[in-house]
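Please look over the sequence and the model shown here before reading on. The report below is written for a reader who is new to describing protein structures.

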Amino acid sequence: MTVDIMADLAQVCDDLTNPRKHREPRGHYWDAARHRRTLPDHEVTLPGLITQVGQIVYPSGQQDDGTCTMRPVPGSRIPGNPKAVTCYLEIHIAVTRWHVLFGLTLRDTIESSIRQLLGKASSEHSDTQVELLDEMRRWRHQCEIVTRWRDPDPELDAPCPVEQCGARTLRVNLAKRTARCNTCGARWAEEVDEDRGIGSIGVLGRHIQAHRAESTAASRSAWDEERARKARRTGRAA
Ligand SMILES: [Zn+2]
C-alpha cells in the first residue's frame with residue numbers, strides 16, 4: 001500500500017513540477033507516388049503545470065531556465081487572470097503549510113519546494129502520505145483547469161451539505177461519478193471510504209434532489225404570493 005502511495009505521489013509531483021513532452025499528431029499527406037504518409041508528431045516540451053500557471057500569473061516573470069520564482073518580479077504585468085492567481089496563491093499557501101507541518105524550510109522555487117515535500121513524505125506515516133496525495137491531486141486538477149488542459153467540472157446548483165460549509169461550490173465529475181466541494185474539500189464517490197472522508201454519492205444525490213424540491217416549492221410559493229399581491233393591487237385599482 002505504502003509503495004503505491006509513494007509511486008502515485010511521485011507521479012503527481014512530476015506532473016506538477018517537471019517539464020513534459022507534449023505530442024500532437026499532424027495527420028497525413030500523399031506523396032508523389034500517391035502513398036498515404038503519416039507526418040511526424042509535432043512535439044513540444046512544456047514546463048510543469050505549476051510553472052505554466054505561474055506564467056499566466058506573472059507573464060514576464062519567467063527565468064532563463066523556464067522556472068518561475070516565488071517572488072513577483074518588478075515590472076511584471078498586473079495579474080489579469082483571477083482564477084490563475086487564486087490557484088497559484090492557494091497552492092503556495094498549502095505548500096507552506098505542509099513545510100511547517102514537516103518542519104522543513106521553503107526552497108527558492110515552488111517547484112523545488114514541492115519536490116522537497118515528496119522527499120520528506122517517504123518517511124511519514126501512510127495516513128499523512130494519503131493526505132498529501134489527495135491534496136497534490138487537487139493542486140494538479142486546479143492547475144489543469146487554469147491551464148486549459150482540462151474542462152472545468154460541471155457545477156451543482158446546491159449548497160454543500162457539510163454543516164459548517166454550505167458553500168455553493170460543489171463540482172461533479174460525471175466520468176468518475178464523484179463529486180467534491182471546492183471550499184471544504186469534502187468528497188463523494190460510489191465507493192464510500194470513511195477513513196479518507198469519502199461520502200456516498202447517492203446520499204449527496206438525495207441531498208441535491210431534496211434541495212431542488214425545496215427551492216422549487218419556495219419559488220412556487222413566492223410566485224403565488226406575488227400573484228396574490230398583484231391581484232389585490234389590480235382589485236384596488238379597479
Ligand atoms: Zn463544502
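## The model and the whole chain

This is a predicted model, in which local features need pLDDT of at least 70 and side-chain atom pairs count only at pLDDT 80 or more, while totals for chains, interfaces and linings use all residues. Residues are numbered from 1 along each chain as its sequence is written.

The chain has six helices and eight strands, where helices (H or I, at least four residues) and strands (E, at least two) are DSSP runs numbered from the N terminus. Read from the N terminus on, the elements follow the order α-β-β-β-β-α-α-α-α-β-β-β-β-α. Of the 238 residues in the chain, 20% are buried; a residue is called buried if 20 or more other C-beta atoms lie within 10 Å of its own, exposed if 12 or fewer, and partly exposed in between, with C-beta atoms placed from the backbone. Among the contacts with a separation of 6 or more, 42% are between residues 24 or more positions apart, and two residues are in contact if their C-beta atoms, placed from the backbone, lie within 7 Å.

Helix α2 covers residues 49–57, and because seven of its nine residues are buried, it is largely enclosed by the rest of the structure. The buried residues of α2 are Leu49, Ile50, Thr51, Gln52, Val53, Gly54 and Val57.

The axes of α2 and α5 come within 9 Å and cross at roughly 45 degrees; such axes are lines fitted to C-alpha atoms, for helices over the stretch in contact, and angles run from 0 to 180 degrees between N-to-C directions. The two helices α2 and α5 are therefore oblique to each other, given that angles under 35 degrees count as roughly parallel, over 145 as roughly antiparallel, 65 to 115 as roughly perpendicular and the rest as oblique. On the α2 side the contact is made by Leu49, Ile50, Val53 and Ile56, and on the α5 side by Arg140, Cys143, Glu144 and Val146. By class, this contact of α2 with α5 has six nonpolar, no polar and two charged residues, where Ala, Val, Leu, Ile, Met, Phe, Trp, Tyr, Cys and Pro count as nonpolar, Asp, Glu, Lys and Arg as charged, and the others, Gly among them, as polar.

## Helices α3 and α5

Helix α3 (residues 82–102) and helix α5 (residues 126–146) pack at an angle of about 160 degrees, with their axes 10 Å apart. That angle makes α3 roughly antiparallel to α5. The residues in contact are Lys83, Ala84, Cys87, Ile91, Ala94 and Trp98 of α3, together with Leu132, Glu135, Trp139, Gln142, Cys143 and Val146 of α5. Sorted by class, the contact of α3 with α5 has nine nonpolar, one polar and two charged residues.

## The strands

Which strand is joined to β1 by five bridges? Strand β4 (residues 42–46) is joined to β1 in this way, and the two run antiparallel. In β4, Thr45 is the bridge partner of Lys21. Strand β1 (residues 20–24) has five residues, and the number of them that are buried is zero, so β1 lies largely in the open.

An open sheet of four strands has the order β5-β6-β7-β8, with mixed pairing; two strands pair if DSSP finds at least two bridges between them. Its edge strands are β5 (170–173) and β8 (198–200), each of which pairs on one side only. From one strand to the next, the twist averages 25 degrees. Four bridges join β5 to β6 (residues 178–181), and these strands run antiparallel. Within this pair, Asn173 stands opposite Thr178, and Leu170 stands opposite Cys181.

Strands β5 and β6 form a hairpin with four residues between them, and Arg177 in the turn has a positive phi of about 55 degrees. Arg177 is partly exposed, with 13 other C-beta atoms within 10 Å.

Arg148 lies in the loop between α5 and β5. Its phi is near 65 degrees, a positive value in a residue other than glycine. Arg148 counts as exposed because it has 10 C-beta neighbours inside 10 Å.
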